[in-house]
Amino acid sequence: MKTFATLSAFSAFGASLLAAGAALLALSAPARAAADLELWRLDCGSVMVKDLSSFSDTFAYAGQTRTLTDSCYVIRHGADYMLWDTGLPAALIGKAPDLTQPLAPSLTADIPAQLQKIGIKPEQIGIVGISHNHFDHLGQASTFSKATLMIGAGDWQSLHENPLPFGVMPALVQPWMDGKAKVDPVAGDRDVFGDGSVMMLSMPGHTKGETALLVHLPKTGPVLLSGDVVHFEEQIANNGVPPFNIDRAESLASMDRMNRIARELNARLVVQHDAGDIGKLPAFPASAR
């Protein structure tokens, strides 16, 4: 019996090594020739930050203000479409930002209106991938309730907590909360289409289930979309961590991993909230291939 248990343990260990090896191969492999990939950057709003020091737990940025972008992305994988993040709620359209508040969000156009300009219907979106569960990334998710919601498992769990963590509004994903739409809680890294071309990468710290997205475009090369691993470029240089992050040590570890991946793959790192960074990709309606 002891020998059998030992053999079973070795077998389980071997299986875990094979799974880890497959994930690493998917991470480093470029998109296969069969995957016809295209990436668009959408405008999903902006947020005026009245006091930028609220984004530093080391008292940086005192007296500074900044407008953060709220960018979303559409990935075409052959005939399949994935939406990465869904920006601010469409109810903000036409409303002036309240500049008396610490955070003043604004939105000029919803996602369906932008999709129409590039010939994509909302019902063609089969996957809604979410970097994390804050309101400025889940805002228009319910517009795509026929799609599978792919979200970090820790963040899916947090949507059910009481009290709710900072920035979390479960009503924005009500169809999935009610079990009326398919949800896929992602644990660890995930090869989205099974060919190594699009990878959700586990980057916890900002939230429990924070993820980044790696897209191996055939001509442009690898593009790494940051989610909220960082909010602007300076945080990379100074290891800046906002006080509202869930875990400081995990935040720093994820920043290090993100930067190492970008260097090893010579990837184009796009910090999604940085107005200067998002210009690394073509302006809508142009796409990157």
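Residues are numbered from 1 along each chain as its sequence is written, and side-chain values use heavy atoms, with hydrogens and water left out. In this predicted model, local features need pLDDT of at least 70 and side-chain atom pairs count only at pLDDT 80 or more, whereas totals for chains, interfaces and linings use all residues.

Five strands form an open sheet of mixed pairing, in the order 8-9-10-11-12. Helices (H or I, at least four residues) and strands (E, at least two) are here DSSP runs, numbered from the N terminus, and two strands are said to pair if DSSP finds at least two bridges between them. At the edges of the sheet lie strand 8 (190–191) and strand 12, each of which pairs on one side only. Strand 8 runs antiparallel to strand 9 and is joined to it by two bridges, with Arg-190 standing opposite Met-200 in strand 9. Helix 7 (residues 248–265) packs on the sheet and touches strand 9, strand 10, strand 11 (221–225) and strand 12, its direction making about 170° with that of strand 11. For such angles, axes are lines fitted to C-alpha atoms, for helices over the stretch in contact, and the values run from 0 to 180 degrees between N-to-C directions.

Strand 10 is joined to strand 9 by five bridges, the two running antiparallel, and Val-215 of strand 10 is the bridge partner of Val-198. Strand 10 also pairs with strand 11 in the antiparallel sense, again over five bridges, and here Leu-217 has Gly-221 in strand 11 as its bridge partner. A hairpin of three residues connects strand 10 to strand 11. Seven of the seven residues of strand 10 are buried, so this strand is largely enclosed by the rest of the structure; buried means under 20% relative accessible area, exposed means over 50%, and partly exposed lies in between (1.4 Å probe, protein chains only). In a regular strand the side chains alternate between the two faces of the sheet. In strand 10 both faces are covered, with Thr-211, Leu-213, Val-215 and Leu-217 buried on one side and Ala-212, Leu-214 and His-216 buried on the other.

A nonpolar core is taken as a set of buried Ala, Val, Leu, Ile, Met, Phe, Trp, Tyr and Cys residues joined through side-chain atoms within 4.5 Å. The largest such core has 27 residues, and those with the most contacts inside it are Leu-115 and Ile-125. Two or more residues are given to this core by each of strand 1, strand 2, strand 3 (80–84), helix 2 (111–117), strand 5 (125–130) and strand 6 (148–152). When neighbours within four places in sequence are left aside, Ile-125 is in contact (heavy atoms within 4.5 Å) with Tyr-81, Leu-83, Leu-115, Ile-120, Phe-144 and Ala-147. A second, separate core consists of 22 residues, including Ala-35, Leu-37, Val-215 and Ile-278.

Asp-277, in the segment after strand 12, is buried, with a relative accessible area of 4%. The side chain of Asp-277 reaches the backbone nitrogen of Val-271 at 2.7 Å. With neighbours within four places in sequence left aside, the contacts of Asp-277 are with Glu-233, Leu-269, Val-270 and Val-271.

The structure holds 11 salt bridges, each being a side-chain nitrogen of Lys or Arg within 4 Å of a carboxyl oxygen of Asp or Glu. In one of them the side chains of Asp-36 and Arg-76 meet at 3.1 Å, N to O. This pair links distant parts of the chain, 40 residues apart, with Asp-36 in the loop between helix 1 (2–28) and strand 1 (37–49) and Arg-76 in strand 2 (residues 66–77). Asp-36 is partly exposed at 39% relative accessibility, whereas Arg-76 is buried, with a relative accessible area of 10%. Another salt bridge brings together the side chains of Arg-289 and Glu-38 at 3.2 Å, N to O. Because Arg-289 lies in the segment after strand 12 (268–270) and Glu-38 in strand 1, this pair ties together parts that are 251 residues apart in sequence. Arg-289 is partly exposed, with a relative accessible area of 37%, while Glu-38 is buried at 7%. Asp-36, Glu-38, Arg-76 and Arg-289 are linked in a network of salt bridges.

Terms used
Polar contact = N/O pair within 3.5 Å; in protein donor to acceptor, adjacent residues only side chain to side chain.
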